Amino acid sequence: MDEILARVLAQLEPDGLDGEGQSWQQRKSVQTRIAILEAAIDCLGTHGYGRTTTQLIAEMAGISRGAMLHHYATKLDLIAGVADYTMYKRMEVFIHGVQSLPEAERVDRVSGLEIYWRSLLTREFRAYLELMIASRTDPELAQIFLPKARRYNHAELTEVVRAFPEWAANPDGYALAMDYCQASMQGLMLNADIWRPQARGPILRAFVAQTLAMLRTGALSPGA
């Protein structure tokens with residue numbers, strides 16, 4: 001599983017954030033970049049994309065705007081870094097979570113679904129979602145965000161499957177299961193504040209888990 005984690009994360013690792021083996025100044029630069037990205041995540045989650053500015057991010061990161069512009073010259077440069085960073089962090093948490101599951105939990109109880117659900121409740125996903133929604137009406141943002149999101153989705157379909165060997169003999173079923181899981185869980189997350197009572201969420205997640213198990217075993221097939 002460690003090999004799977006390394007392989008997936010290598011595809012998604014953001015540029016300029018690996019300070020290992022470098023000089024003290026280079027490591028300090030990496031730390032500053034991470035502080036900026038973390039502040040940007042908080043800004044997006046709290047203020048939304050439209051009201052997130054480089055000045056506000058610099059203030060939240062505790063650095064001067066000039067220092068921030070040294071690392072990210074424009075807001076779009078920074079947003080590109082944020083998109084990469086949020087996707088990397090989400091994948092890291094998800095794969096680590098799946099790795100910690102006993103086989104029976106992963107296979108019989110489809111517990112990977114709950115790990116995925118928890119990943120949607122993170123500040124990283126909140127920022128990702130804000131960028132995804134904003135990209136629908138902002139062509140410049142869409143040009144940056146969509147290729148990165150598609151690369152992330154490709155890694156989910158082609159690499160994350162290695163963390164679920166029970167799907168190895170059914171790659172088409174796995175792809176359908178991933179699409180269904182994402183559409184259902186992200187839809188649930190978007191409606192969490194609207195749906196009452198909150199018990200509807202666990203019921204839906206249990207239903208999705210049952211559906212995924214049926215897809216894996218062949219008890220349910222597309223078009224059936």
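Let's begin in the core. The largest nonpolar core holds 63 residues, and L78, L131 and M185 touch the most other members. Helix α5, residues 75-99, is the top contributor here, with eleven residues. Keep in mind that this is a predicted model.

Take L131 from that trio. What is L131 in contact with, leaving aside its neighbours within four places in sequence? The list is L44, Y49, I79, V82, A83, L141 and F145.

Now stay with α5 and look at R90. R90 sits in helix α5. Is R90 buried or exposed? R90 counts as buried, because its relative accessibility is 4% and the cut-off for buried is under 20%. Not counting residues up to four places away in sequence, R90 touches Y116, L120, E124, F125, Y128 and Y152. Look at L120 in that list. R90 and L120 are 30 residues apart in sequence, and their C-alpha atoms are 8.5 Å apart in space.

Y128 was on that list too, so let's turn to Y128. Y128 belongs to helix α8. Y128 is buried, with a relative accessible area of 8%. Setting aside residues up to four places away in sequence, Y128 touches T86, M87, R90, F145 and A149. Y128 and R205 are 77 residues apart along the chain, and 22 Å separates their C-alpha atoms.

One more residue on α5: D77. D77 is partly exposed, with a relative accessible area of 40%. Between the C-alpha atoms of D77 and G218 there are 46 Å, and 141 residues along the chain.

Next, helix α10. M185 is one of the residues that touch the most other members of the core.

On to empty space. Rolling a probe the size of a water molecule over the atoms shows where empty space is left. How many cavities of 30 Å³ or more does a search of the whole structure find? One. The volume of the largest cavity is about 330 Å³. This cavity is lined by 23 residues, and the closest to its centre are F94, G112, F164, M178 and L212.

Which helices build the lining? α5, α6 (103-107), α7, α9, α10 and α11 each supply at least two residues. α10 gives the most, with five. By type, the lining divides into 15 nonpolar, three polar and five charged residues.

Between α6 and α7 there is a loop, and V110 lies in it. V110 is not a glycine, yet its phi is positive, at about 50°. V110 is buried, with a relative accessible area of 14%.

Now the largest pocket. How much space lies in it? About 300 Å³. Its lining has 14 residues, with R126, L129, M189, L190 and D193 nearest the centre. The largest share, five residues, comes from α8. The lining divides into nine nonpolar, two polar and three charged residues.

Last stop: I203, in helix α11. Is I203 buried or exposed? I203 is exposed, because its relative accessible area is 60% and exposed means over 50%. I203 and A35 are 168 residues apart in sequence, and 38 Å apart in space, C-alpha to C-alpha.

To recap. α10 gives the most to the lining of the largest cavity. α8 gives the largest share of the lining of the largest pocket.

Key
Residues are numbered from 1 along each chain as its sequence is written. This is a predicted model: local features need pLDDT of at least 70, side-chain atom pairs count only at pLDDT 80 or more; totals for chains, interfaces and linings use all residues. Side-chain values use heavy atoms; hydrogens and water are left out. A nonpolar core is a set of buried Ala, Val, Leu, Ile, Met, Phe, Trp, Tyr and Cys residues joined through side-chain atoms within 4.5 Å. Buried means under 20% relative accessible area, exposed over 50%, partly exposed in between (1.4 Å probe, protein chains only). Helices (H or I, at least four residues) and strands (E, at least two) are DSSP runs, numbered from the N terminus. Contact means heavy atoms within 4.5 Å. On a 1 Å grid over the protein atoms alone, a cavity is a set of points where a 1.4 Å probe fits but cannot get out, and a pocket is an open set with protein on both sides within 12 Å along at least five of seven lines; lining residues have an atom within 4 Å of a point. Grid points are joined across faces, edges and corners, and a volume is the space filled by probe spheres set on the points. Ala, Val, Leu, Ile, Met, Phe, Trp, Tyr, Cys and Pro count as nonpolar, Asp, Glu, Lys and Arg as charged, and the others, Gly among them, as polar.
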